[in-house]
Amino acid sequence: MSLRKRPYVLIMSEITVDGKLTLQRGVSSKILMKYMDHETEILLHATRAEYDAIMVGSRTIAIDNSYLTVRLVEGTQPLRVIPNSMADISLDANVLSRDAPTLIAVCAQAPSDRVTAIREKGADVVVAGETRVDLPLLLQILAERYGVRRLMVEGGPTLNYHMLHNGLVDAVRLIHLPFIVGGENTPSLVGGPHITSEEEMHRLRLTDHYLCGSNLVTEYTVLYGE
Ligand SMILES: NC(=O)c1ccc[n+]([C@@H]2O[C@H](COP(=O)([O-])OP(=O)(O)OC[C@H]3O[C@@H](n4cnc5c(N)ncnc54)[C@H](OP(=O)(O)O)[C@@H]3O)[C@@H](O)[C@H]2O)c1
């Protein structure tokens, strides 16, 4: 586990019965999200409002073009954080709208003209890492420079993998959608390479389960070294 100062981290995700996050690789999860109950959409927005920042992977931004704002409940807009090593995010991305503060985390090799263009859109840019965004360093920067105490991560699977792999996740909250989509290559909750032994499994403890409208919600604590 990382010993650096970092925020408390929750991964929150909508997930099918077979653990998938979308219909097929490269397709927006917004199609699945349409089927969430209204109460569950409110839970998602209320959770965003409880957190100081929301982080989403740059591929999710490219595919889903998410806004990541609090819209269905009253509340402060959390800082939107996107790890994007080479600063190649589309300048038309909704997350660069001025509706909420945005931080793009890049690496030292990100082209300076791209960094300038992002700053001109009103977003902050921080360098965290040499050749790729260093997630433990980014979380330390969020805690120390941005006062982020609670960070919500809304995927996708590659970001979820790197967060877990670096020991940076405290809790997981899943919204279970009553569908099976199948597909060997369809993204599931956690991407990355497969494990080679049971010792590498991430262990979780179920802490809560309830219905939100007709959607089952489960909550887990991630166990480290137990
Ligand atoms: N159902 C849901 O709740 C849900 C939620 C979100 C997304 N999704 C779906 O998930 C899919 C996209 O997921 P994805 O897995 O392709 O992409 P992703 O997780 O959204 O983005 C990949 C992220 O991983 C970062 N990354 C890659 N290697 C890294 C490393 N070694 N260290 C640190 N960061 C690293 C990349 O940053 P760089 O730019 O720096 O390379 C990028 O930010 C879409 O289909 C989307 O619809 C579903």
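In the predicted model, S66 is placed in the loop that runs between α3 and β3. With 21 other C-beta atoms within 10 Å, against the 20 or more that burial requires, S66 is buried. Apart from its neighbours within four places in sequence, the residues in contact with S66 are V56, T60, I61, N94 and V95. The C-alpha atom of S66 is separated by 20 Å from that of H176, a residue 110 residues apart from S66 along the chain.

Helix α3 (58-64) also takes part in the shell around the ligand, to which β1 (8-16) and α6 (157-165) likewise supply at least two residues each; of the elements concerned, α3 gives the most, with 5 residues. In total, 29 residues surround the ligand, the closest being G57, R59, S85, G155 and G156. By residue class, this shell around the ligand comprises 14 polar, 10 nonpolar and 5 charged residues.

Helix α5, which spans residues 135-146, has L135, L138, L139, I141 and L142 as its buried residues. These residues lie on the same side of α5, because the arc that they cover around the axis is only 155°. In an α-helix there are 3.6 residues a turn, so residues three or four places apart point the same way. The buried residues of α5 pack against the strands β2 (53-55), β3 (79-83), β4 (102-106), β5 (124-127) and β6 (150-153), and also against α6, whereas E144 and R145, on the other side of α5, are exposed. Just after α5, G147 adopts a positive phi of about 65°.

Methods:
Residues numbered from 1 in each chain as written. Predicted model: local features only at pLDDT ≥ 70, side-chain atom pairs only at ≥ 80, totals over all residues. Near = placed C-beta within 6 Å. Helix = DSSP H or I, 4+ residues; strand = E, 2+ residues; numbered from the N terminus. Nonpolar A, V, L, I, M, F, W, Y, C, P; charged D, E, K, R; others polar. Buried ≥ 20, exposed ≤ 12 C-beta atoms within 10 Å, placed from the backbone. Arc of directions from axis to C-beta. Contact = placed C-beta atoms within 7 Å.
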